[in-house]
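User: Please take a close look at one part of this model, the helices and what surrounds them. I would like one connected account.

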Amino acid sequence: MARELKEVQGIIFKRQKFHEADLLAKIVTQKNGIITMIARGALRPKSKLGASLLNFSYGTYVIYSSGQGLSNLRTYKNVKQFDGIFNDLTKNAYASFILDLADHAFIEYQNIGKYYDLLFYALQKIDAGTDPEMITQMVQMQLLAAYGVAPELRHCVICGKEQGEFDYSIKQGGILCSQHFYVDSARLHLLPKETAILRTIALLPFERLGTVKINSATKKATRKAIDRIYQETIDLNLKTKKFLDELNLSM
């Protein structure tokens, strides 16, 4: 495929040294998915490219690309940074996990559509001080569809009932109404409020979610539930998740 010069808008979320003075950086973009760029000479003292590739920077990057493999970063413009995330360890840990989760949900150059807006919204909210735990849980629930394992949360998977008390069944792939709890003895045994939180953060359009305020016990329960859903349906082993869990234990 012929290489061409193009502008992409996106968020930098990983970078590493490559050879003597080059940098490799991953960027999640609006229309071109996740791209790995090489910035030649970015680590040299006089280079301006390195500053544009700090994690949680976002803006327009001009790349030379064939639509596969490494793209070459030529220049950039209007690059800003989520300073609140970059300078705060806890916010940084949550944001890194969110972007790592997205990185594993898509192949490079795959158009990620609405999920770019979801990620950008999440980073904006975390940067501004919204509870990063709830924002992360929201992203986790909404990214399940990107992994091909979207649960049925609108109604009971057995009878279609939409209102009442529900619990989550990993085996059945969604919620069960109280009349059908017997179908899965290994259901998550969540309180009705906890199941309601999972349904809300998964189903409501992200721009309408605002600030979700719940107590620490409920938040812990929904976190454990989401962790189980991921472990038993996707089985990821992300370093960013391990670090986040260790950070939460120490807090």
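Analyst: In α2, the buried residues are Lys91, Ala93, Tyr94, Ala95, Phe97, Ile98, Leu99, Asp100, Leu101, Ala102, Asp103 and Ala105. The model is a predicted one. Because 12 of the 17 residues of α2 are buried, this helix is largely enclosed by the rest of the structure. The list includes charged side chains, among them Lys91, Asp100 and Asp103.

The length of α2 can be checked against its residue count. Helix α2 covers residues 89-105, and at 1.5 Å a residue its 17 residues should span 24 Å; the C-alpha atoms at its ends are 24 Å apart, in agreement with that value. At the start of α2, Asp88 places a side-chain oxygen within 3.1 Å of the backbone nitrogen of Thr90.

Helix α6 can be described in the same terms. It runs over residues 216-233. Its 18 residues reach 26 Å from the first C-alpha to the last, close to the 26 Å expected at 1.5 Å a residue. At the start of α6, a side-chain oxygen of Asn215 comes to within 3.2 Å of the backbone nitrogen of Ala217. Just after α6, Asp235 has a positive phi of about 60°. The buried residues of α6 are Thr218, Lys219, Ala221, Thr222, Ala225, Ile226, Asp227, Ile229 and Tyr230.

Several of these residues take part in the packing of α6 on α5. Helix α5 (residues 192-203) and α6 pack at an angle of about 65°, and their axes are 10 Å apart. The crossing is right-handed. From α5, the contact is made by Lys193, Glu194, Ile197, Leu198 and Ile201; from α6, by Thr218, Ala221, Thr222, Ala225 and Ile226. By residue type, the contact of α5 with α6 divides into 6 nonpolar, 2 polar and 2 charged.

Gln137 lies in α4, which covers residues 132-143. Its relative accessibility is 0%, so Gln137 counts as buried; the cut-off for buried is under 20%. Leaving out residues up to four places away in sequence, Gln137 touches Ile201, Lys219, Thr222, Arg223 and Ile226.

Notes: Residues are numbered from 1 along each chain as its sequence is written. This is a predicted model: local features need pLDDT of at least 70, side-chain atom pairs count only at pLDDT 80 or more; totals for chains, interfaces and linings use all residues. Side-chain values use heavy atoms; hydrogens and water are left out. Helices (H or I, at least four residues) and strands (E, at least two) are DSSP runs, numbered from the N terminus. The expected span of a helix is 1.5 Å times one less than its number of residues. Buried means under 20% relative accessible area, exposed over 50%, partly exposed in between (1.4 Å probe, protein chains only). A polar contact is a pair of N or O atoms within 3.5 Å; within protein, one must be able to donate a hydrogen and the other to accept it, and residues adjacent in sequence count only if both atoms are side-chain atoms. Contact means heavy atoms within 4.5 Å. Axes are lines fitted to C-alpha atoms, for helices over the stretch in contact, and angles run from 0 to 180 degrees between N-to-C directions. A crossing is left-handed if the near helix is turned anticlockwise from the far one by less than a right angle, and right-handed if clockwise.
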